[in-house]
Structures are given as structure tokens and as C-alpha cells.
Amino acid sequence: TVTTERPVQVNVVKVKKSDKGDFYKRQTAWALRDLAIVDAKDAIKESPEFDLHFDKVYKWVASSTVEKNTFISCIWKLNQRYLRKKIDFINVSSQLLEESVPSGENQSVAGGDEEAVDEYQELNAREEQDIEIMMEGCEYAISNAEAFAEKLSRELQVLDGANIQSIMASEKQVNILMKLLDEALKEVDQIELKLSSYEEMLQSVKEQMDQISESNHLIHLSNTNNVKLLSEIEFLVNHMDLAKGHIKALQEGDLTSSRGIEACTNAADALLQCMNVALRPGHDMLHAVKQQQQRFSDLREQFARRLASHLNILSLTKGHDQSSTLAQHSVELTLPNHHPFHRDLLRYAKLMEWLKNTDYGKYEGLTKNYMDYLSRLYEREIKDFFEVAKIKMTGTTREGKKFATLPRKESAVKQETESLHGSSGKLTGSTSSLNKLTVQSSGNRRSQSSSLLDMGNMSASDLDVADRTKFDKIFEQVLSELEPLCLAEQDFISKFFKLQQHQSISGTTTNEAEEMDGGTLSRSYTSGVPQTISSEKDMIRQMMTKIFRCIEPELNNLIALGDKIDSFNSLYMLVKMSHHVWTAQNVDPASFLSTTLGNVLVTVKRNFDKCISNQMKQMDEVKISKKSKVGILPFVAEFEEFAALAESIFKNAERRGDLDKAYIKLIRAVFVSVEKVANESQKTPRDVVMMENFHHIFATLSRLKISCLEAEKKEAKQKYTEHLQSYVIYSLGQPLEKLNHFFEGVEARVAQGIREEEVSYQLAFNKQELRKVIKEYPGKEVKKGLDNLYKKVDKHLCEEENLLQVVWHSMQDEFIRQYKHFEGLIARCYPGSGITMEFTIQDILDYCSSIAQSH
């Protein structure tokens, strides 16, 4: 092999064919100048064996003698061309070496043979011109070719003779030229001798230059290695050297002052950088590196232990200081503010992050201790807070009794609350007026609500409104206090424990229902490195669940108490809880606060549905008195109260759809129950019960303008109108009974085919019979009958609905209609008879008006 760059390097290379393909792998190489002897073993006898003498003798066997000779010839040529070194070729045929480079003589002979082969020579331009001149002399008419050839031959002989004479005449010049050529050859020989000596001198210089080049290559290689070694040493020194100030801060730094915390934080970060430096291959095998890593590990362990101990003590101390202020908050319905506690701990947030990254075991221990202690602290605070809320809810009874709200031990507060549940009639069951069987008139209720009464003289309805308003304010205050407390604690946890409130990239989400047992986070370990099982978002929720584990049961107890005080409180709670859940979900749908309030909302919604079901059940259980008139049914009045209360509560509420569904259930139940009671009524006619109650329902729906009940409002109006007409027709009946019977006979004859003007010729329906019947109903008798009818209607109708004048006016219209019908029959069947009624329409109007005024 010969290199392409200068100086040229010639090598003898041994290669081996690869087992995997048709390519060769280089095994060994020797420089050709190191070759001393080429031994062909035998110059006469053919043999494939030969030896190469480098630093030692290498014996080779060729596949054939031809290949051996070709290889030796190649070595000889390369040596002659590039090295000019006296390599000894022994036992090699001289003919093999001579054939390698052809001599000049052989070349010249070969050239002569080529000329002999090529006998034809093309005429040059001058020869062509001479021939043309000769042929012009003959005028191109060569009739005798032989004569022409002879002529040319003679002329050629003349020319040859001239040439010989010319050469003989210039013999002296030729001798001089030959002498000069001999001298030139001698000079050339001298120049060749000098060139040969120069070449031998340059050959030694070339060898020296090759040695210098190789020496420079080794120097360059050594320099490159030194630079790389220096770079490696600088890398280790720069990245694995911790300043003395940082070491002192880690060992003795003050963890109470801001300056000391900052110094420790910087030192911890520097230590972490030194420990996390990406070592290059082989660095970890250096003894100094191992020593430094061990030193860093000791510093980390020592500082982590000191930091964890300090934070544990600090948490207990700050938490104790926080609990000392609990008494003053228990008097008012407020929760203690933990902001100072959080602010003091947040100074160590960066150190907590360092601890999380370097020693997860101690980080997890701190997390567990924090959760254990804070859960007890918050449980104490929240339970006292809820006991105060319960006392405030039940502090005023219907008798106006006030209960003190002084701070007390948890057991004492609980005992007193339980005693309140037993002693106060308001707490032993739902005080909704659905339990009442009698309802005051709307006029009475309006007068009571508008009057200014003191607490001791307030009506039950006004007490309900006052208690519900007070309950609503207390419940809203409870939720308003809990929300910022939970949000502040969650924000602190994410910042202090460095748990991002988003899905972890390396984390694998697990079942969210998986809870913590004794504060142990869901993590597993492999070789001391924590592998995240749940996301950091789940960890935050688990920590919040552990710390605030008492919130959900306390809220459920408070909701149960409110529902027990008054079932209508579930309306307030549904609206307030829905609003707070909606707000929490807008902030973070998967947060602890959102999840907890959502669970509690399910309980509130269940109580609301139970309240609706109880009202529907009480409708079925309502019993009416058999001795008194029915009037407005209790559940109809209660639906009005419920709807008015619900509309005021659910104005612009998020859960309006739940109320609309409840409205549909309630109104359908009211319709069914009204018809049921009307059918069972014995004292009051069915039509009166239906008319009055559906009129009340229609008035209520018209006043409240409930959009989802438009169809029911139309149905109520239709039922009211139908039963009003039915009652009027049934009650009025036939006030002129004999006259009615007479004209019924007249209409029957007309129906049989008798012409109307011929009816008077019938014996039973002649004019005399008509006058006789009319005389039996003078104006005085008609007025008396109408007066009795008015008294009868007055007994049927109730006062609070005030439908008497409406019914009386309808009866008046029906009576006038009958009167006009009779007059029309007289005019058609008895034309020209001059027969008229004993009283006129104006008399009827006067009778009805005077009767209504007299009553």
C-alpha cells in the first residue's frame, strides 16, 4: 500500500477476510523501509515459499509460484521507485528483476519492428506538390507509363548522385559534428555521474526527513494528549469543588435568620450541582472522584438531617402558637388565619425542594409529620367553628330564648347542642307549615307580615322567615370561611412541598379513590430512588383530604341540623352550595375543595328531593273536616308559600333546573290531590272545591310568573272556569221551575214538527195557561228566591279566596240568559198576544245588586 499524502509511506499490510461478508479486515502492517531481505528460497526450482526479513523473519507460502513472483516483482518496483534502498533479493531470478523494468534497447527494437510492419507511408504536402508539377509538364497525358516511370527513375538517379556529391563535399562538417557529439556525450556522462551522486545524497536526506516527520507526529500526539488531560482535570476541579463557605453553611449555617436561610439555600444548590455533575466515562474510577463524592454524600446527609429536624420543630412551634389564638375565633363565626404560619414556612420552600430532590425519605417524613399535626389542628379549629355555627342556628327559639355563644370545650359544646335538639320543639322535626292542617287567609298573612311585631309576639310564619334568613346567612358564612381556608392551605402545600398543581410528566396516574394510610404517600422505591405512582396533583388532593378530613362530615352534620330545623332550609343550602361548587370548579375542577363541596352538594340535593317528596306525601295524607267547608286546601296554600320562597331563593341560581323539576312534580301532585279532596268532600260541593283551589293556583302562578309552569297555569285557569260554570248552572238550576217546565213542553211540540206560531192552539200550551204560569212568579217571589240562592252560595264559598261576587255575577248573567230565552219563545210562539213577564231585566239587575249590598 502507498499513501497519497507527502511524504509517501509504503507499507506491507497483512489482511484477513471477514466471516460476515466479502470484505477484508486489516491485521498487521510493516513499513517497507524496514524490510531487509526478500528470500525466494530457490531461483531455479519453482517453489511457492518465500521469507520476508523485518524485525524478525516471517515465512510465507503463496497459492502459486506465479503469484509469489508477481508479489516479489511488485516489491522490487516499489523499492526502485520510492525508496532506492538496497533491499537484498536472494534466491531470486535475475531475469525476474530485469523484466520488471524494460531496457531502452528493447524499446528501440520494438519501435523498429513497428516501423517495419507499417510499410505504407502517406505523401506529405510537398511531395504531392512536386508530383503535380511533374504531371503538369506532361500535361497530364501520360500515355506511356513505362516511359514516364523511366523518366522519373533517371531524374531520381540524378538527384541521388547530387545528394552523394553534396554529402561527400560536407564530410569535413560531418566530422566536426561527430566530434561535437562525442564531446556532448562525455559531458552527459559527467552530468549523469553528478546526478547519481546527488541522488545518493538526497536519499539519505529523505530518510532523515522521514524520521523527522515521524518524530513530529509523535510530539503532536503527545501534545494533544496533554491538552486533553488538562481539560479533564479542569473539568473535575471546576465542577466537583465546593467552596469552603458553602461547606460551612451546610454544617453550621443558621436556619432561623433570613440571611442564614439564603446562605444555606445557595450552599445546598451548589452541593446538588456538584453531586449531579455528569461525569465522563472513566471518571468514576478515579480515587479522588470517589473520595469527593463520598464527602458530598456525607454533607448532604448531615444537612438533610439538620434541616428536617429544624422544620419539624418549627412546624410544631408555629402550630402551637396558632392554636393559642383559637379561643378568640370561637366566639365569632370565623376561622383562624394561617397566613403568618404559612409565610414563615415558605422561607424554606427552596430548601424543601432541595430535600425532595436529594433525600426523598426525609422529605416524605416531613410531609407525614406536617399532615399529622395540621390535621389535628384543623380538626380542633373546624369542629369548634361548626359548633359555634350550630349554636347560632339554634340560638333563638320561638319563645325568643337566646343561647350564649361563649368558648367552651368541644365536649361541652356538643353536649349543649344535643340538649338543644331535645328541648327545642323547633329541632325535633320539620317545622314547615306543611304540617299544619289549617291555613290563614292571604289577607291575614299579608297583614301579619306587614305589621311590626317584636320577637316575642311574632307569628309562626314570621318566625319561619326570620329563622330561614338567619340560617341562610350562617350557612353562607360557614362556606365563605371554609373556602379561603382550603384554598390558602392548598396553595401553601403546592408551594412549600413543591407539588405542581398540574399533571406530572413522569407520574403515572392511579385510581383517585386511593387514599393515604397514616399519611404515607403512594410511592414505591427501587434502589432508593422514588418512582411516582400518582401524579403530583393527586398527591395534593391526598394531602388535603388527610388534613381536612373532618370538613365533609361536619358539613353533612350541619346540613342535617338545618334540614331538621326546617325542611325548607334545603332550598337555601342547595342554592348556596351549588354556587360555591360552581366557583370552585371554575378554579380547579379536580381540587379537594371542588370534590368535597361536590360530595356535600349530593347530600343537599338528596335533602331537597326528600323535602319535595315529603310535601307530596303530606298532600296524600291531608284529611278534611266533614263538618266545616273546605275552602283553600292547606297544600295549595303551602305550594304558594313554597313557590314564593323558592323564587326569592333561586333568583339567578345555577341549579334552577332542579327547582323547575320540583315545580312540575309538586304542581301535578297538587292537581291530583285537589281533585281527590273535591271528590271526597261532603260539606262543600265538588265544583266549589275545584273552582276555589284552581283559582288560587292560577292567581299564584300568574303572580310569580314561573316560566316552566305556563302549561299548568293555563290548565288551572281552564279547570277554574269549567267548574265555575258548572257550579253556577248547578246552583242556579231552574229558579222559575213551572215556567221552565211549560216552555220545555213548548219546545218539545216544536221539535215534533208543530210550527211555533201554532203552538198556542195546543190546549195545554194556550195563552191562558201561559198567563197562569207567569202569574205564579211575581217580582217579589223572584227576589226572595235569589236571596235564598245568595245565602246558599255564601255558605259554600270561603272568605279568603273572595269569589262570592264573581259567582254571583255569573249567576246573574245565567238568570238573565234564561229570562231572554223565555221572552224569545213568547215572541215567536205567541205573537201579538201582549203577554210579558211580571218582572223585567232591569228588575233582575236591581234585585241582584240590592241582595249583594245587603249582605
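**Charged side chains: pairs and a patch**

With a relative accessibility of 24%, Glu476 counts as partly exposed, a label for values between buried (under 20% relative accessible area) and exposed (over 50%), using a 1.4 Å probe and protein chains only. The model is predicted, so local features need pLDDT of at least 70 and side-chain atom pairs pLDDT 80 or more, while totals for chains, interfaces and linings use all residues. Residues are numbered from 1 along each chain as its sequence is written, and side-chain values use heavy atoms, with hydrogens and water left out.

Glu476 forms a salt bridge with Lys576, and their closest N and O atoms are 4.0 Å apart. A salt bridge here means a side-chain nitrogen of Lys or Arg within 4 Å of a carboxyl oxygen of Asp or Glu. Glu476 sits in helix 16 (residues 460-496) and Lys576 in helix 19 (residues 569-587), so the pair ties together parts 100 residues apart in sequence. Helices are DSSP runs (H or I, at least four residues), numbered from the N terminus. Lys576 is partly exposed too, at 23%.

Other pairs stay within one helix. Asp609 and Lys605 form a salt bridge with closest N and O atoms 2.8 Å apart; they are four residues apart in helix 20 (residues 592-621), so about one helical turn separates them. Glu387 bridges to Lys390 at 3.7 Å between the closest N and O atoms, and both residues are buried. Glu301, Arg305, Asp359 and Lys362 link up in a network of salt bridges. By this rule, the count comes to 26 salt bridges.

Notes:
Helix = DSSP H or I, 4+ residues; strand = E, 2+ residues; numbered from the N terminus.
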